[in-house]
Amino acid sequence: KNYTQFHIARMKCAARKFGFGVFFHNSDYKWPESHFNNAKTKIRVIDPNGINYQKMLEDLKTPVEKKELPAPDRFSIQNDAFALAESGELATTVAMELVLSYRLENDYATWADIAENLGKIYMLIEGTKLASGYRKFGQEIFSVLTARLGWEKKKKEPYADSLLRNIAISQSGRYGDKEIIKAAKNRFSVHKRGENYIHPDIRQAIYAIVAKNSGKKEYFQFLE
């Protein structure tokens with residue numbers, strides 16, 4: 001029930017000026033009779049005011065972390081939280097705290113969206129005194145995923161893991177993980193010597209890390 005209420009976040013700001021929100025929800029939750037019903041999609045008019053989103057998110061952390069909710073719902077919860085933060089309806093720190101519940105996440109779409117949402121914040125504060133603490137936070141978020149996936153593709157691993165590996169490495173490097181940066185530079189050097197080529201799945205991540213954390217030598221190597 002908490003999730004069904006929270007899902008109106010995306011349209012809350014637009015709805016406020018009219019005093020109502022329109023909410024779409026795919027589930028078997030029994031709404032009052034005063035709703036339109038088309039297959040499993042319910043459309044309900046609700047009042048967007050007076051909803052305690054912070055409390056709602058607290059209640060959703062454990063179901064998210066334990067994956068008691070399906071992947072599309074886990075995706076939407078964090079995305080809606082950042083939408084609320086971007087609109088000023090929710091403190092950004094609350095959305096960031098929610099993301100800590102996603103460290104064991106295995107859904108590619110959810111991770112890709114988390115990376116994008118956290119990246120938007122980082123672009124705003126990079127170069128300020130807030131950036132150092134935020135980089136530590138970013139490392140904490142992606143370190144578990146990086147440790148689980150490693151650098152090498154495993155036999156019979158899910159296709160999503162191949163995609164996730166690029167996100168894990170690139171984001172860990174973006175937020176200054178020294179071990180990841182060192183390993184990426186080493187793999188780039190070995191690649192340039194022709195001794196061991198970088199797998200295409202992580203090539204973009206390694207190139208981006210090396211480009212950001214190297215000097216003239218590597219710059220001219222990219223131009224070759």
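Which residues does Thr146 touch, not counting residues up to four places away in sequence? I looked this up in the model, which is predicted. The residues are Ala168, Ile169, Ser172 and Ile180.

**Entry 1: Thr146**

I located Thr146 in helix α7. I then checked its accessibility: Thr146 has a relative accessible area of 10%, and because buried means under 20%, the residue counts as buried. I also looked for a polar partner and found that the side chain of Thr146 makes a polar contact with the side chain of Ser172, at 2.8 Å. Ser172 is itself among the buried residues of α8.

**Entry 2: Helix α8**

I compared the length of α8 with expectation. The helix has 16 residues and reaches 24 Å from its first C-alpha to its last, close to the 22 Å expected at 1.5 Å a residue. I next recorded burial: 12 of the 16 residues are buried, so α8 is largely enclosed by the rest of the structure. Among them are Asp161, Leu164, Arg165, Ile167 and Gln171. The elements that cover the buried residues of α8 include α6 (108-125), α7, α9 and α10. Just after the helix, I noted that Gly176 takes a positive phi of about 85 degrees.

**Entry 3: α8 against α10**

I examined how these two helices are arranged. Their axes come within 8 Å and cross at roughly 5 degrees; α8 and α10 are therefore roughly parallel to each other. On the α8 side, I listed Ser162, Arg165, Asn166, Ile169, Ser170, Gly173 and Arg174, which meet Asp201, Ile202, Gln204, Ala205, Ile209 and Lys212 in α10. The residues of this contact divide into 4 nonpolar, 5 polar and 4 charged.

**Entry 4: Helix α9**

I applied the length check to α9 (residues 178-192). At 1.5 Å a residue its 15 residues should span 21 Å, and the end C-alpha atoms are 21 Å apart, which agrees. At the N-terminal end I found a cap: a side-chain oxygen of Asp177 lies 3.1 Å from the backbone nitrogen of Glu179. Just after α9, Gly194 takes a positive phi of about 75 degrees.

Which residues of α9 are buried? I recorded Ile180, Ile181, Ala184, Phe188, Val190 and His191. Their cover includes α7 (131-149), α8 (159-174), α10 (200-213) and α11 (216-223). For the spacing along the helix, I recalled that an α-helix has 3.6 residues a turn, so residues three or four places apart point the same way.

How values were computed
Residues numbered from 1 in each chain as written. Predicted model: local features only at pLDDT ≥ 70, side-chain atom pairs only at ≥ 80, totals over all residues. Heavy atoms only, no water. Helix = DSSP H or I, 4+ residues; strand = E, 2+ residues; numbered from the N terminus. Expected span 1.5 Å × (residues − 1). Buried < 20%, exposed > 50% of the residue type's maximum accessible area, 1.4 Å probe, protein only. Contact = heavy atoms within 4.5 Å. Polar contact = N/O pair within 3.5 Å; in protein donor to acceptor, adjacent residues only side chain to side chain. Axes fitted to C-alpha atoms, helices over the stretch in contact; angles between N-to-C directions. Parallel < 35°, antiparallel > 145°, perpendicular 65-115°, else oblique. Nonpolar A, V, L, I, M, F, W, Y, C, P; charged D, E, K, R; others polar.
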